[in-house]
Every structure is written in C-alpha cells, then in structure tokens.
Amino acid sequence: MSSTIERTKVDSAKIITPNGLTYQQPVGLFINNEFVKAQSGKTLKVEDPSTEEVVVEVESASSEDVNYAVDCAEAAFNSSWSTRDPRERARYLFKLADLVEERKELIASIESMDNGKALALARGDVELVINYIRVAAGYADKIGGRTINTGENYVNYTLREPVGVCGQIIPWNFPLMMLSWKIAPALAAGNTVVLKPASPTPLNALYFASLCKEVGIPAGVVNIVPGPGRSVGDTITNHPKIRKVAFTGSTEIGRDIAVKAAQSNLKKVTLELGGKSAHMVFDDANLEKTLPNLVNGIFLNAGQICSSGSRIYVQEGIYDRLLTSFKKYIEENIKVGSPFDESNFQGAINNKSQFDTIMNYISIGQEEGAKVLTGGVRVGDKGFFVRPTVFYDVTEDMRIVKEEIFGPVVTISKFKDIEDGVAMANDSEFGLGAGIETENISTALKVSKKLKAGTVWVNTYNDFDASVPFGGCKQSGYGREMGEEVFEAYTTVKAVRIKLD
Ligand code: NAD
Ligand code: MN
C-alpha cells in the first residue's frame, strides 16, 4: 500500500529572482500538505528560458507518488471537505486570493523567470488569477440545483454534488493562470485535486501549494505532482480512483487522454486544446485600434496562447494599407528581450523544443513560398527569443496557415466580403478564438454569429475576464473554464423525486 511508505520531507531552496527578490522556493512534491521527495529518485531541471540557465531542480514524481497523492486526495474528499458548508471552502479561497495579492510582485517575477514572459504580462496574469479565485469562491454556495414541477403528487429537486478526486494536467504557457482556472472551481464545488504542472514550469505551482497550506486548506485537498507527461500524466489519466480529468494542452495529447479516460473508468473529461484562430479586419476598421489588437492577438506571450489570432484575414479594400502600417507598428513598438527589461513587450519562448518548432515553421513558410513582411529570425544567440514574424501572400493550403505554430508567427490572407471571409475563417479543424475588427455594429453582430469558435472578440483580442467562460469547439476541445459554466465539469447532478401520499 503506497501510503505506508515513509515520505522524506524536502527543504525549500533560496532563490533570488533576476529583479532581485529573495524567496524560498518549495522543491518537493506537494502531497498531503507536505513537500516530499519523489520515489523516482529523479528531479526536473527548471530553466530560465531567457538565459538558458538552470534556476533550481525540483522533485519529479513517479506513478507511485501519484497513487499516494490520489489516496490522500480521496481521504480528504471523504472527510468533511466535500460535505461542509460551501462558504467555509469559499473562505479559504478568499484568503488564498488575498495572499496571492499581497505577494503579487514576487509571484509575477517567479512566473517571468520560469516561463520567460514579459514581467508586465506576468503581472496581468496574476491580476486575473486573483480575480478568478474570488469569482470561483463566490459561486461556492450558488452551485445548488433546481426544483421541477411535475404536478401536485410529486416534489422533484436536483442536487449538484462534487465528483470526487480530480486529476488536472496543465501546460507551460500560463503556468499559474491555468492552475487557478483548474483548482479554484474544483475546490469551490467540494472536490479535491491532484495537479501536474508542465515539466518546464513547476515553480509557481509549488509556491502556490505553500500558500494553500499557509491559509489552512486541509491536507490532501490540493496535491501538486510535477513530472513527465508520459508517466505522471498517464497515471492520472488512467487512474481508477480519479473521477474527472481536466486537461489543457495540445490536441494530440488531448485525444489520447480522452481515449484513456474512457478505457480506464469512464472518468469525466474536459479538454482545452490547440487553436488556429482567425482575426478578421474589415474595410471599415479603425487602424489605430486594430494594430494593437492584432499585436495582442499574436505577439502577446510570444504567441504561445492557445487562442492566438494566428491567421489574420483582411478585407481587400484595406489590405495594402494594413500591410504597410502593421509592419511599421511592429518594427517601431514590439521590442523583444529579457522579461525583466520593462521596455520589452515580448520575452522568451518557454523552452528549446518549442523554440525549434517555431524556427522550423518559419523555414517551412519560406519553402512554401510565403513572403516575410517582418521578422523571420531569432534574436541574439542566448535565450529563446524570436522576432515577431508576419507572412503574407499565403495560400490557404499552406502548413503555416493550417497548423498551430504556438509562437510569434502570423499569416495574413485577403478576403472579399463577409461570406468569403467567414468561409476562410471557419475553414479549420480548430475552433477556439476569433476576432472581428470593424466599426459597423451589424457586421460585428452578423459575423459573430457565423464564426465557429468558443470565444469571439470584437475590437479587442486575447481579452479574458474571470466571469466570462472560455473554451473551444471542434478539435479545440470541450468543456468551459471560468464563469458559471465551469461548474458543469466539477459537479454531477442528482435528481430526487418524491411521491406524496
Ligand atoms: P502538451 O500537450 O505537450 O502538454 C500539456 C501537458 O500534458 C503537460 O503537463 C505535459 O507534461 C502533459 N502530457 C504530455 N504527455 C502526456 C500524456 N501522454 N498523458 C498525459 N499528460 C501528458 O502541450 P504544451 O506544449 O505544454 O502546451 C502547448 C499546447 O497547449 C498548445 O497546443 C496550446 O494550444 C495548448 N493550450 C491550450 C489552451 C486552451 O485553453 N485551449 C491553453 C493553453 C495551451
Ligand atoms: Mn522554466
């Protein structure tokens, strides 16, 4: 029995962030409110992608550690955690949000150091995290069911109950935000969790774990197990005691998870997967507003956003003017470099493998005959920096138009009218985000109805709010995060039907 093994505690490591903040970084697996050594005897090297230097090493879980974490999460679920007054659970979450807020500059700095993103962006991420934890907590006592009238001889009502132990697997592009989108609603609804951060970015997940302990969340409710996708992720997906798995990552792995979740124990699945989202610019768009929106669409987080507006569609009347002004705008405004130099908009690509993928797609685009409007090269020779890259004169069958690149690379295509533009925009197996730039309210509303996407942004892009649901359609996945909709995933409905004598 795994839980009888003696667990060795691991001390935290002292780290000084590149902007000079000193803190204690937990480096053990977080199981049952302790930071412990992994049974694998292995560690993960955590790199700062802007310097390619190893910051620290953290414990790397084995399947046995996951089993132990699930046992602890199950015991916590079966304690009073899942049945207590939901407002008590909310109180922990509100305290957690307050603590994140108190330490937000440190947390943003950890995020920039571990992920490579610009510090200003990391600060924005943390604001959304604080907000979101509060929004989720606010729902805790409002998840209740409904009553159903079937005539005078019966009383019917439903109860929304937590599903049990939830397995959660997240990517490296928004390490803390993805974690908050998973953990906060799960806890608010009365579940317990075993979460695996992405291997390149475990630091804030472990730091957040220490905050969970600090605010007094009971042992076993939150468990964090960094480790490889193939072993740790797979153990979560196949686990017979896990009742739900929430995954954010690539479509390829998402498909694999759906199959294994079904084959193991038919656990509930929600998938937030890849994208190739269309950002449409109509002839009447206001370019002064549109250019920063296009930039936020594709160069925010160095393009490593699932909903990136990575296909720009421009109506023919404004096409030439847009090309000239977009090039000028990017070259004058979008600086690339150290996340901690606040004049830089774009930081580093998170890891070497993703950097190589992006550089490879840039070569593919050139081989396919697309023209480079700007960029197309790496910046410097240390750290994974890529110049914002725009391809134009593309055809819709090119790989750079079809496939998710997940980097600061965008294609620009021309369209004639609404019908033609919408057909091009919808010609994708993905359906995550979409954008519309227009000053015409009818165009905005008509096109919003026609686009096949989980989110449509009008005159803004990659603009998230804690109260607004987010998720995809088609092969971008299913299920929604944030808003009220997320509780669909973290609860199960019980109907009670009572016959009256
Ligand atoms: P990834 O699919 O490689 O990895 C995601 C997570 O899954 C990581 O924690 C990884 O370790 C784990 N994993 C890997 N193999 C696994 C397996 N066999 N079983 C279980 N888990 C496994 O994705 P990534 O490179 O970390 O992130 C980039 C991708 O994520 C892009 O496709 C992007 O579009 C997508 N993404 C989607 C959203 C969204 O909300 N829709 C948000 C962010 C990222
Ligand atoms: Mn890292």
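Author: A residue is called buried under 20% relative accessible area, exposed over 50%, and partly exposed in between, with a 1.4 Å probe and protein chains only. The areas come from the Shrake-Rupley method with a 1.4 Å probe, and for residues only the protein chains shown count as cover. By that rule glutamate 316 is partly exposed, because its relative accessible area is 44%.

The model is predicted: local features need pLDDT of at least 70 and side-chain atom pairs count only at pLDDT 80 or more, while totals for chains, interfaces and linings use all residues. Residues are numbered from 1 along each chain as its sequence is written, chains are lettered from A and ligands numbered from 1 in the order in which they are written, and side-chain values use heavy atoms, with hydrogens and water left out.

Glutamate 316 sits in the loop that runs between strand 15 (311–315) and helix 10 (319–333); helices (H or I, at least four residues) and strands (E, at least two) are DSSP runs numbered from the N terminus. A patch takes residues with over 30% relative accessible area and no salt bridge, joining like charges within 9 Å and nonpolar side chains (Val, Leu, Ile, Met, Phe, Trp, Tyr) within 5 Å.

Other charged side chains are paired. A salt bridge is a side-chain nitrogen of Lys or Arg within 4 Å of a carboxyl oxygen of Asp or Glu, and the whole structure holds 30 of them. In one, glutamate 59 meets lysine 37, with the closest N and O atoms 3.5 Å apart. Glutamate 59 belongs to strand 6 (residues 53–60) and lysine 37 to the loop between strand 4 (34–36) and strand 5, so the pair ties together parts that are 22 residues apart in sequence. Glutamate 59 is buried at 7% relative accessible area, whereas lysine 37 is partly exposed at 41%.

Lysine 45 and glutamate 57 form another salt bridge, their closest N and O atoms being 4.0 Å apart. This pair links strand 5, which holds lysine 45, with strand 6, which holds glutamate 57, twelve residues apart. Lysine 45 is exposed at 58%; glutamate 57 is partly exposed at 38%.

Aspartate 98 and arginine 134 are bridged with their closest N and O atoms 2.8 Å apart. Aspartate 98 is in helix 2 (residues 86–102) and arginine 134 in helix 4 (residues 119–138), so parts that are 36 residues apart in sequence are tied together. Both ends are partly exposed, aspartate 98 at 41% and arginine 134 at 26%. Elsewhere, salt bridges link Arg7, Glu64 and Asp65 in a network.

Glutamate 47 in strand 5 (residues 42–48) and aspartate 114 in helix 3 (residues 104–115) are 67 residues apart, so distant parts of the chain are linked here. Glutamate 47 is partly exposed at 30%, and aspartate 114 is buried at 2%.

Glutamate 481 is in the loop between strand 25 (477–478) and strand 26 (491–499) and is buried at 7%.

For contrast, there is a nonpolar surface patch of about 210 Å², made by Val155, Ile498 and Leu500. Isoleucine 498 belongs to strand 26 and is partly exposed at 33%.

Last, two backbone angles. Most residues other than glycine have a negative phi. Lysine 474, in strand 24 (residues 473–474), has a positive phi near 50° and is partly exposed at 37%. Alanine 302 has a positive phi of about 55°; it lies in the loop between helix 9 (287–298) and strand 15 and is buried at 2%.
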